[in-house]
Amino acid sequence: MSKDSPPTTDPTKMGIGRSIAVLTSGGDAQGMNAAVRATVRVGLYTGAKVYFVHEGYQGLVDGGDNIRPATWESVSMMLQLGGTVIGSARCKDFRSREGRMTAACNLVKLGITNLCVIGGDGSLTGANQFRTEWSGLLADLVKAGKITQEQASKSSHLNIVGMVGSIDNDFCGTDMTIGTDSALHRIIEVVDAITTTAQSHQRTFILEVMGRHCGYLALVTALSCGADWVFIPEMPPDEGWEEHLCRRLTNQRARGSRLNVIIVAEGAISRDGKPITSDLIKKLVTDRLGFDTRTTTLGHVQRGGTPSAFDRILGSRMGVEAVMALLEANPDTPACVVSLSGNQAVRLPLMECVQITKDVTSAMDQGRFDDAIKLRGKSFENNWNTYKLLAHINPPDTKSNINVAILNIGAPCAGMNAAVRAAVRMGLIQGHTMLAVHDGFDGLAHGQVEPIIWTSVSGWTGKGGSVLGTKRTLPGKFLEQISQNIAKFNIHALVIIGGFEAYVGGLELVQAREKYEEMCIPMVVIPATVSNNVPGSDFSIGADTALNTITSTCDRIKQSAAGTKRRVFIVETMGGYCGYLATMAGLAAGADAAYIFEEKFNIRDLGVNVGHLLEKMKTTVKRGLILRNENSNSNYTTDFIFNLYSEEGKGVFDCRKNILGHMQQGGTPTPFDRNFGTKMGAKSVLWLTEKLKECYRHGRIFANTPDSACVLGMRKRALNFQPLADLKSDTDFEHRIPKTQWWLKIRPIMKILAKYDIKLDTSEHTDMEHVINKRATLGK
């Protein structure tokens, strides 16, 4: 797609003489406002005129005051608001050709030929139809005398770019749609609250979540809360599920569990296509088991509330990509949707995605449920497979005679316990004996090792911190004692969950293999730290929870600053030398600047930032937010920056400072961290099991190859195992950060959205990708 645009294009001139309209359509979703804000600000940055279309397609048809010019300031304070500020409406008029003709007339008169649509598949399909009919609509308008031939030739082609806003995550080709993560936040808040009351009374709770045609919300909720059963439309339960469900619930109670949780998607069906409702399940459980059972239907609570940090960043990144896609398009470019795959921005042909979304529905209608799961995409399929492994298999009677030890290293973070729980249960399912090591390498050296069983980890997914206990101590000084305890407890493999210390500790154990044969066992490091600074992974467990904590605090601070006017807040974040939290929170909270170690700054840069704020105070937006990573500069401390801003801003604005501290490490894990931790924990043990088979020789385990000690990390679009030794060359050990960090490339977006006059690098283009080939492989 972007090959038509030369890499040397000046992004600040790309939009001169062009007009872009942005509308939200269909059901609302949290994060839509972030997408609108980014589209408007990046559009203005490129020199284009940008228009709001209020009330979706209805506003496009009605025209007049519904299509208004957007300004920089008109999208201020939108980031933290749920729903859509510019309104959305279902529109019958646009479904008729006459309605679309009126809409075309309204756009042509304003010279708008670029349309950015944020909505679900119905809204995007409508946009594509509008685009394909465009030349015919214009010809009819000229015939009818509504527009001149000159107006028609000036607006001869309509460019369409879509962003998917849907809490159901039901659009194929995209990993996450705008609003899904926030909806999961709402659901998990309710699940956590319900769990406490259910445990008090030994109850069974049935929770119905949205998802008429897509079970994503139900599936991830089940993974994130360790539910006993989940019903989703893509995979109805097997015949005789009623007996199976009752047996499962009875077994859980027999194991000492005081509650049962069942998650139902509103579109759940049985194999013969009949609806499975929460009331039907309640009747079954009450009649057959006599359990005290309650149902809760969440409804529109899931659509409401403030967007999560992820949805704000997703919306902001998509808005930037959408504007670039519109301005780089030519008449032959198909309408596209912009999305994220892993952490990569992608452009996908709109109608290919719509077609696969329709294919899922027809696969379900025809009873091809395995195909339906595959068509949903890799992310959905991985979630389903992990859920099946953790929920649907009882530990085997035959033991593997393998002992796997699990330990937490470094500072605690939310999601560590979810990873431990998944690793323990996956190990037990494989027939292994699982061992819990308390207090990290310290505990391993001092023999704080004990068996951990299935029920020991019940309810751990939602617990913050580290139940096993964690310390920053490295193994170097205890190698003798550690090797003795590995032999004493007959440990055959290690799962090390933690931050940079876990990585360095793993390296020390590998280096010690030369001297201590006991260290010649497979080991895996799972990155878990709020700092997100472990080499080999784009994301760490715990970083999302910390990011949401910072973002919600910044929202409150901004609200305070907006009330008092002319006030600038300077907020210090954690992260060690890694600027991930400061940068991402800056993007999610709409900060004016974020100072980090990786991007050097001097007194002149600080002066430019102060000058920028002095200019900002002349507008209607009379507040400022500055983030500073704790180790960004040893001389330009938070106090120094506070004093500088206070002095330079005298008479124009006053300053306040906040150091967030350890609140960033606490709290219950977000849905992302629960789900990510669960998948990482399960995958690590499956990998260890295979490695143990490879390393089993002459009746014992001997692993001394580099690939027998790995970091399990998220890289671009997949979970990969990378040898610890191979990552050394990409590690800055002095500052405890990887040398290459993907998120540095999105820092310019934060600056552009804060109205800094900088150049956005457009040389690294996002080409159009194709998704349709997935269908061919399923033998349609």
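Four strands form an open sheet in the order 7-8-6-9, and their pairing is parallel. Strands here are DSSP E runs of at least two residues, helices are H or I runs of at least four, and both are numbered from the N terminus. Two strands pair if DSSP finds at least two bridges between them. Strand 7 (229-231) and strand 9 (293-297) stand at the edges. Each has a single partner strand, so one side of each is left without a neighbour in the sheet. The twist averages 15° from one strand to the next.

The model is predicted; local features need pLDDT of at least 70, side-chain atom pairs count only at pLDDT 80 or more, and totals for chains, interfaces and linings use all residues. Residues are numbered from 1 along each chain as its sequence is written, and side-chain values use heavy atoms, with hydrogens and water left out.

Strand 7 runs parallel to strand 8 (residues 260-265), joined by 3 bridges. Valine 230 has isoleucine 263 of strand 8 as its bridge partner. Helix 8 (residues 241-254) lies across strand 6 (204-209), strand 7 and strand 8. Helix 8 runs at about 150° to strand 7. Axes are lines fitted to C-alpha atoms, for helices over the stretch in contact, and angles run from 0 to 180 degrees between N-to-C directions. Helix 9 (residues 278-289) also packs on the sheet, touching strand 6, strand 7, strand 8 and strand 9. The direction of helix 9 makes about 170° with that of strand 9. Contact means heavy atoms within 4.5 Å.

Another open sheet has 7 strands in the order 3-2-1-4-5-10-11, with mixed pairing. Its edges are strand 3 (67-69) and strand 11 (344-349), each with a single partner strand. Neighbouring strands are turned by 25° against each other on average, direction ignored. Strand 4 (residues 114-119) and strand 5 (residues 159-164) are parallel and share 6 bridges. Leucine 115 is bridged to isoleucine 160 in strand 5. Helix 10 (residues 309-328) lies across strand 1 (19-24), strand 4, strand 5, strand 10 (336-341) and strand 11. The angle of helix 10 to strand 10 is about 140°.

Helix 6 (residues 180-201) and helix 7 (residues 216-225) have axes that come within 10 Å and cross at roughly 50°. The two helices are therefore oblique to each other.

Key. Parallel < 35°, antiparallel > 145°, perpendicular 65-115°, else oblique.
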